[in-house]
Amino acid sequence: MSTRTIVWFRGKDLRISDHAPLRDAADAGEVIPLFVLDPYFFAPTRARELPHRMQFLLDSVGALETTLAQRGSRLLIVAGKSVEVVPRLVREWKADRVVAQRWVEPFARERDRRIRDALGAKFELHEGETLMPPGTLRTGAGRPYSVFSQFARVLRETAMIRTPLPPPRSLPPVPTDVGAQLAVMPTCKQLGIERNPALLEGGEQAGKARLKRFLRDAAAAYPEHRDRMDLPGTSRLSADLKFGTISARQVWTAVEDALNGTPAARSFLNELVWREFTHSTLWDRPELLESPFRPGFAGFPWQYDEALWRAWVVGETGYPVVDAAARQLLGEGFVHNRARMISASFLCKHLLIDYRRGEAHYMKYLTDGDWAQNNAGWQWSAGCGCDAQPYFRIFNPVTQGEKFDPEGNYVRRWVPELAKMPARHIHHPWEAPEAVLRAAGVRLGQTYPRPIVEHRLARERFLAVAAQHLKRDTRARVASPTITRPRLDPSQSDVLSPGVRTRKAT
Ligand SMILES: Cc1cc2nc3c(=O)[nH]c(=O)nc-3n(C[C@H](O)[C@H](O)[C@H](O)COP(=O)(O)OP(=O)(O)OC[C@H]3O[C@@H](n4cnc5c(N)ncnc54)[C@H](O)[C@@H]3O)c2cc1C
């Protein structure tokens, strides 16, 4: 007998290729593709808090509507709180079950737990966000890994990454007795968001094209170019992976096939393993969205200087690479990984500002803003995370700039007031001779700021504060001021689809 299945697309799986829930539903009978406009994300006040992600999401859902229609199906869009809407639709549409892709975040797991309790039908969650179900890899003692190199070694030695599923050639039409109370996807304008033309295009086709371009133009030189902020040396697939317009498995296998065990393949796949590590870590330690991995950092005496914070946000610290990163974030909703590391380190260590504040700012403006990866990136940079950069390693923004933006072109692009500075001086204009500054049209303190802190002093201050704090007895510490962080309406469960394991990781 045919089964009627609601395939609930939830914003991290906006594709039809390698989509296990969709395949599963189509194999079983009637398919009802669903997207819920939950006010938690789509209320205009909320949507405006994540303008770049929202634009990419709307474009990607729009593209999904088109692809499903081309295959003979239809995406049904319904407005309301997921925890109420989904159980109601199951009853109204007489569905036998709901299938979806699992999320790892703690709030999503809680959301799904509530939905499962209210559903009155089967709720099946498939893997798909990561290469392997988070929580799969364990140390000999059965504990989660806290050292990346060990996690990566075990993943490469033992993981079988299954071959991605092809897209369905056709899908059954949505049954005629469903479809009441449908909504349409809002536009950016309706949500009060101004479209940013500099963002990457969303959608499955655009993601596949990006992957193809990367493999053709940049993948082979990835190890040499990946840290260069001035070159298009990375894949730019992070938003696709975040919204699932392409799956991690698709990227993994495409790179394996194209680069075939070369050092370039290893280097790139290692970054996908970092992605895996961050999701796995958050799965096992959900409290990380609230508190540092290293307990010694609890109650760290961060400072709250609004002027310094504003200078960092708008890109007027006087450190060109840090300013370029800040402006790239606001300008195109993306920051090069090296620039993220320099900029995050600068905020926490040079300015002594709480990493959670930077984390929230990045989550607001990054198109690829992802709870697991962003939190891990910030905790790594602050020195308090799982296998983080040691707290006493402090990036020097000048030497980092000279090394990873040797001609200064990254700075020139994002800090145009320094565009005419020669490469030799562009990363430390305050040390340039007066004649050089004049020739470049730079008036320090007027057209471009002087450094807001002095590197050596800031470094010594952080080291002293951190050393003092870390040697204190944890029990005596007071809690640091709370940074408000948007919380999701809860939802998620733990039914896993058995993964078909056909490929071994390189
Ligand atoms: C402070 C900070 C915040 C970050 N916030 C995010 C975030 O919100 N979302 C996000 O996707 N990445 C985040 N990263 C990781 C990294 O900067 C981006 O994934 C990368 O810059 C995206 O560009 P790309 O797709 O061209 O990367 P590529 O170099 O082409 O890498 C391929 C993929 O591997 C993954 N990846 C690469 N580097 C890392 C890493 N260090 N940690 C985890 N996964 C990685 C990404 O999914 C990326 O798309 C953050 C890093 C730092 C230091």
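How many helices and how many strands are there in the chain? There are 22 helices and 5 strands, where helices (H or I, at least four residues) and strands (E, at least two) are DSSP runs numbered from the N terminus. The model is a predicted one, in which local features need pLDDT of at least 70 and side-chain atom pairs count only at pLDDT 80 or more, whereas totals for chains, interfaces and linings use all residues. Residues are numbered from 1 along each chain as its sequence is written.

**View 1. The whole chain.** Along the principal axes, the C-alpha atoms fill a box of roughly 80 × 50 × 45 Å.

**View 2. The shell around the ligand.** Of the 27 residues around the ligand, Thr234, Ser235, Ser238, Asn374 and Gly377 come nearest, a residue being near a molecule if its C-beta atom, placed from the backbone, lies within 6 Å of it. Helices H10 (238-243), H12 (263-284), H15 (337-350) and H17 (371-382) each supply at least two residues of this shell. By class, the shell has 9 nonpolar, 10 polar and 8 charged residues, with Ala, Val, Leu, Ile, Met, Phe, Trp, Tyr, Cys and Pro counted as nonpolar, Asp, Glu, Lys and Arg as charged, and the others, Gly among them, as polar.

**View 3. Helix H15 against helix H17.** The axes of H15 and H17 come within 8 Å and cross at roughly 60°, which makes H15 oblique to H17. Axes here are lines fitted to C-alpha atoms, for helices over the stretch in contact, with angles running from 0 to 180 degrees between N-to-C directions; angles under 35 degrees count as roughly parallel, over 145 as roughly antiparallel, 65 to 115 as roughly perpendicular and the rest as oblique. Arg340, Met341, Ala344, Ser345 and Cys348 in H15 meet Gly377, Trp378, Ser381 and Ala382 in H17, two residues being in contact if their C-beta atoms, placed from the backbone, lie within 7 Å. This contact of H15 with H17 comprises 5 nonpolar, 3 polar and 1 charged residues.

**View 4. Helix H16 against helix H17.** The axes of H16 (residues 355-365) and H17 come within 9 Å and cross at roughly 145°. Tyr355, Gly358, Glu359, Tyr362 and Met363 of H16 make the contact with Asn374, Asn375, Trp378, Gln379, Ser381 and Ala382 of H17.

**View 5. Helix H5 against helix H6.** The axes of H5 (residues 82-92) and H6 (residues 106-119) come within 9 Å and cross at roughly 30°, which makes H5 roughly parallel to H6. Ser82, Val83, Val86, Pro87 and Val90 in H5 meet Arg111, Arg114, Ile115, Ala118 and Leu119 in H6.
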